[in-house]
Amino acid sequence: MNIKLYGGFYKKSENDEFRISIPEGTFEWVLLHFYSPMVITLGERRIETQANACILYRPGTPQDYYGRFGKFENDYIRFRTPSWDRNFYKDFNLPVDEVFYVRDSDIIKTEMQNITWLLTDKSANHDYELTNNAIKCLKKLQAARIFPDQKTQRESEQLFRLEQLRDEIRHNPEKWTVHAMSENFFLTRSHFSVLYKKCFGVSPAQDLKFFLNEKAIALLLTSEKTIAQIAEILNYKECENFIRAFKKMNDISPLQFRKTRN
């Protein structure tokens with residue numbers, strides 16, 4: 001995972017008058033873990049938190065917070081990800097621009113101490129270790145996250161699994177069928193299809209066709225493989241079935257598509 005750390009601190013103390021107010025947000029992602037109760041403004045909402053509240057700010061999200069009782073302590077890291085990886089946080093099943101809680105304040109202690117030390121040590125390049133520690137920190141927050149009730153936890157974990165599955169299908173659509181997807185979730189095909197559409201707004205069959213079409217287009221544009229070879233790669237039993245499916249999606253045959261693009 002490509003995370004570039006730009007700052008961090010373990011148990012940073014702030015005085016009674018301290019308040020963060022960044023209306024335009026920052027260029028980096030910012031992860032905060034508060035040891036003290038806080039007042040955090042998110043849009044029109046003013047949230048009074050308890051201890052061990054966390055928030056992961058997306059780049060550009062306005063930041064506004066201060067201690068409920070004056071002084072406060074917090075851990076933080078600031079990092080960037082590639083522009084194409086805006087949804088990296090889904091790998092950790094963490095909410096974005098929302099307050100969430102973790103069980104105790106010691107869960108990320110080692111990682112935050114290491115990050116703080118590595119950032120102050122200028123004698124060597126520590127980019128690899130910093131990235132490693134940041135990922136460990138995010139994983140530990142995921143494992144220690146508190147949910148308000150079992151139903152919310154179950155739904156969050158279910159969505160996390162669905163997003164992971166969808167990512168696998170996007171990269172290797174030829175290896176999947178709707179039946180295989182539903183078996184992966186130990187659900188009937190109809191139950192799985194309803195759940196999938198509720199989460200993503202499209203049926204798994206529609207998604208599978210879309211991802212197969214994306215891969216077909218990529219192969220037509222970037223390889224010299226024949227239409228028959230591409231059909232075989234995409235797991236079509238007959239080349240004609242592939243041609244028919246492609247034409248239905250793009251209003252043009254794969255051969256004509258390749259010719260027009262070349």
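This is a predicted model: local features need pLDDT of at least 70, side-chain atom pairs count only at pLDDT 80 or more; totals for chains, interfaces and linings use all residues.
View 1. Residues are numbered from 1 along each chain as its sequence is written, and side-chain values use heavy atoms, with hydrogens and water left out. Helices (H or I, at least four residues) and strands (E, at least two) are DSSP runs, numbered from the N terminus. Strand β4 (residues 38-42) pairs with β5 in the antiparallel sense through four bridges; two strands pair if DSSP finds at least two bridges between them. The hairpin has two residues between its strands, and Gly-43 takes a positive phi near 65° there.

**View 2. Four strands form an open sheet in the order β2-β7-β4-β5.** The pairing in this sheet is antiparallel. β2 (19-22) and β5 (45-48) are the edge strands; each has a single partner strand, so one side of each is left without a neighbour in the sheet. From one strand to the next, the twist averages 15°. β2 runs antiparallel to strand β7 (residues 63-67), and four bridges join them. Ile-22 has Gln-63 in β7 as its bridge partner.

View 3. Ala-53 stands opposite Tyr-101 in β9.

**View 4. The largest nonpolar core has 29 residues.** A nonpolar core is a set of buried Ala, Val, Leu, Ile, Met, Phe, Trp, Tyr and Cys residues joined through side-chain atoms within 4.5 Å. Buried means under 20% relative accessible area, exposed over 50%, and partly exposed in between (1.4 Å probe, protein chains only). Leu-31, Ile-77, Phe-79, Phe-88 and Leu-141 have the most contacts inside this core. At least two of its residues come from each of β1 (4-14), β3 (29-34), β6 (53-57), β8 (72-80), β9 (99-102), α1 (109-120) and α2 (127-144). The largest share, seven residues, is from α2. Leaving out residues up to four places away in sequence, Leu-141 touches Leu-31, Cys-54, Leu-94, Val-102, Ile-107 and Ile-108. A second, separate core has 25 residues, including Tyr-196, Leu-219, Leu-234 and Ile-252.

**View 5. Helices α6 and α8 (residues 239-250) pack at an angle of about 100°.** Their axes are 11 Å apart. Axes are lines fitted to C-alpha atoms, for helices over the stretch in contact, and angles run from 0 to 180 degrees between N-to-C directions. α6 and α8 are therefore roughly perpendicular to each other, a term for angles of 65 to 115 degrees. Lys-209, Phe-210, Asn-213, Ala-216, Ile-217 and Leu-220 in α6 meet Phe-242, Phe-246, Met-249 and Asn-250 in α8. This contact has seven nonpolar, two polar and one charged residues. Ala, Val, Leu, Ile, Met, Phe, Trp, Tyr, Cys and Pro count as nonpolar, Asp, Glu, Lys and Arg as charged, and the others, Gly among them, as polar.

**View 6. Ser-203 lies in the loop between α5 (189-200) and α6 (204-222).** Ser-203 counts as buried because its relative accessibility is 17%. Apart from neighbours within four places in sequence, Ser-203 is in contact (heavy atoms within 4.5 Å) with Tyr-196 and Lys-197.

Terms used: Angles under 35 degrees count as roughly parallel, over 145 as roughly antiparallel, 65 to 115 as roughly perpendicular and the rest as oblique.
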